[in-house]
Amino acid sequence: MTPQMTALRWLDPPDGPAIVLLDQTRLPVEESYLTCTDIPQLVDAIGRLVVRGAPMLGVAGAFGVGLAAARGDDVEAAATAIAAARPTAVNLSWGVRRALAAWRAAAGGTGLVPARNEGAKAALAEARAIAEQDAAASAAMALHGLELVPPGARILTHCNTGGLVSAGAGTAFAVILAAYQAGRLERLWVDETRPLLQGARLTAWEARRAGIPHSVLADGAAGSLLAAGEVDLVLTGADRIAADGSVANKVGTYGLAVLARHHNVPFVVVAPVSTVDFATPDGRSITVEYRPASEVANLAGHPVAPAGTEAYNPAFDVTPAELITALVTEEGLIHPVTPGNLRVLDAATCR
Ligand code: MRU
């Protein structure tokens, strides 16, 4: 059965075919929905972060292929456009590729374009399978990750990694939620995550809904918080993990990993196997998305720098494997994070 998702819903005819997205750019102020009835709308929504976060981008990408097929569009061209909408989170192109392969296979290996209904059915079934697998991966990561959470833990997290980015409870947030439910979490520290405030806007929204005791902090306060001994564990997600174990995640993650090492606090990354990209050999080869200066020079639509100020705005940074204490995947814990230890995942399912 397709899991009930917070971030995305498929709409069949007569109201569809369409993909309905919870507009994450408007949270927490308002819970509004955006209905994408064509591929340009979906590509724009992905680019604007209406739907976001690595695992959910995989789900959205696959449903996007299903949408193109159901509309009778040029599915190959649509798949290329969706996969290019954001470059860093590897799950996006991975989800698109899986749905595209299912669509192609619906032609029975003839190499011809499949009939519209059969092609759409196959692509959508694959998208639903990706969502189901993501929900299962999330539950498994929560269990594995819980092993690393001490009683009375004070956990620091960055960006947003919960049900908004997953068909389940998320990645790092799934572990946090499991720790809370197991009575092991004393406090969740939430980095606000400038410039787009995924921590303050989205993680605080999810933590409040789950009843988790939490405090939001300015990103620059994480150093003094760690120095004061107020953090037992740092948990983040990942957008792409290279074959050498380097982790691309929301900008600010690398700084946290350096701080955690300095203060002798475990720094743990939680991500499904679909985020590991063996085709990217090392951290330097990861394409980092650069976003408009206006995101840094403005806050909630208001200018916070003089007009025309130039800004440096990488959406992600790369943390080398030696700073990562452990990687939690649905297959289990990887510790230490080395190319050899990662390679065991290469044989994992659905790649
Ligand atoms: O730019 P975003 O908001 O899509 O970035 C999301 C993150 O960096 C998350 O930490 C990441 O996708 C890992 S888990 C969902």
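This is a predicted model: local features need pLDDT of at least 70, side-chain atom pairs count only at pLDDT 80 or more; totals for chains, interfaces and linings use all residues.

Biologist: How many cavities of 30 Å³ or more does a search of the whole structure find?

Modeller: The search finds two cavities of that size. The largest cavity holds about 190 Å³ of space, and 22 residues line it. The residues closest to its centre are Gly53, Ala54, Asn160, Asp239 and Asn249.

Biologist: Which element gives the most to the lining of the largest cavity?

Modeller: That element is α2, with three residues. Both α2 (54-71) and β9 (247-250) supply at least two residues of this lining. Sorted by class, the lining has ten nonpolar, eight polar and four charged residues.

Biologist: Which residues line the second largest cavity?

Modeller: The second largest cavity has about 50 Å³ of space. Its lining consists of Pro195, Leu196, Gln198, Lys250, Arg291, Glu295, Asn313, Pro314 and Ala315. By class, four of these are nonpolar, two are polar and three are charged.

Biologist: A pocket is open, whereas a probe cannot get out of a cavity. How is the largest pocket of this model to be read?

Modeller: One reads its volume, its lining and its place. The largest pocket has about 530 Å³ of space. Of its 22 lining residues, those closest to the centre are Thr25, Leu196, Arg201, Ala300 and Gly301. Two or more lining residues come from each of α7 (198-210), α10 (294-297) and β12 (298-299). The classes are nine nonpolar, five polar and eight charged residues.

Biologist: How far apart are the C-alpha centres of domain 1 and domain 2?

Modeller: The two centres lie 25 Å apart. The contact takes 26 residues from domain 1 and 35 residues from domain 2. Between them the domains bury about 2400 Å², of which 54% is on carbon and sulfur atoms.

Biologist: Which three residues supply more than any others of the area that domain 1 buries against domain 2?

Modeller: They are Arg52, Thr88 and Ser138, which together supply 26% of that area.

Biologist: How should I read a salt bridge, and how many does the rule find across this interface?

Modeller: The general idea is that side chains of opposite charge can pair when their charged atoms come close. Across the interface of domain 1 and domain 2 the rule finds one salt bridge. A salt bridge joins the side chains of arginine 86 and glutamate 289, with N to O at 2.9 Å. Arginine 86 falls within the bounds of domain 1 (8-138), and glutamate 289 within those of domain 2 (142-349).

Biologist: How many salt bridges does the structure hold?

Modeller: The structure holds 13 salt bridges. In one of them, glutamate 76 pairs with arginine 104, and the closest N and O atoms are 2.7 Å apart. Glutamate 76 lies in helix α3 (residues 75-83) and arginine 104 in helix α4 (residues 90-105), so this pair ties together parts that are 28 residues apart in sequence.

Biologist: My last topic is the backbone. Which peptide bonds are cis?

Modeller: The general rule is that most residues other than glycine have a negative phi, and most peptide bonds are trans. Here the bond from proline 13 to proline 14 is cis, with omega near 10°. Proline 14 sits in the loop between β1 (8-11) and β2 (18-22). Another cis bond joins histidine 335 and proline 336, with omega of about 0°. The loop between β16 (332-334) and α11 (339-343) contains proline 336.

Biologist: Is the phi of cysteine 159 positive or negative, and where is this residue found?

Modeller: Its phi is positive, about 65°, although cysteine 159 is not a glycine. Cysteine 159 is found in the loop between β4 (153-157) and α6 (172-181).

Conventions. Residues are numbered from 1 along each chain as its sequence is written. Side-chain values use heavy atoms; hydrogens and water are left out. On a 1 Å grid over the protein atoms alone, a cavity is a set of points where a 1.4 Å probe fits but cannot get out, and a pocket is an open set with protein on both sides within 12 Å along at least five of seven lines; lining residues have an atom within 4 Å of a point. Grid points are joined across faces, edges and corners, and a volume is the space filled by probe spheres set on the points. Helices (H or I, at least four residues) and strands (E, at least two) are DSSP runs, numbered from the N terminus. Ala, Val, Leu, Ile, Met, Phe, Trp, Tyr, Cys and Pro count as nonpolar, Asp, Glu, Lys and Arg as charged, and the others, Gly among them, as polar. Domain bounds come from an automatic or database domain assignment. Contact means heavy atoms within 4.5 Å. Buried area is the accessible area (1.4 Å probe) that two parts lose on being put together, summed over both. A salt bridge is a side-chain nitrogen of Lys or Arg within 4 Å of a carboxyl oxygen of Asp or Glu.
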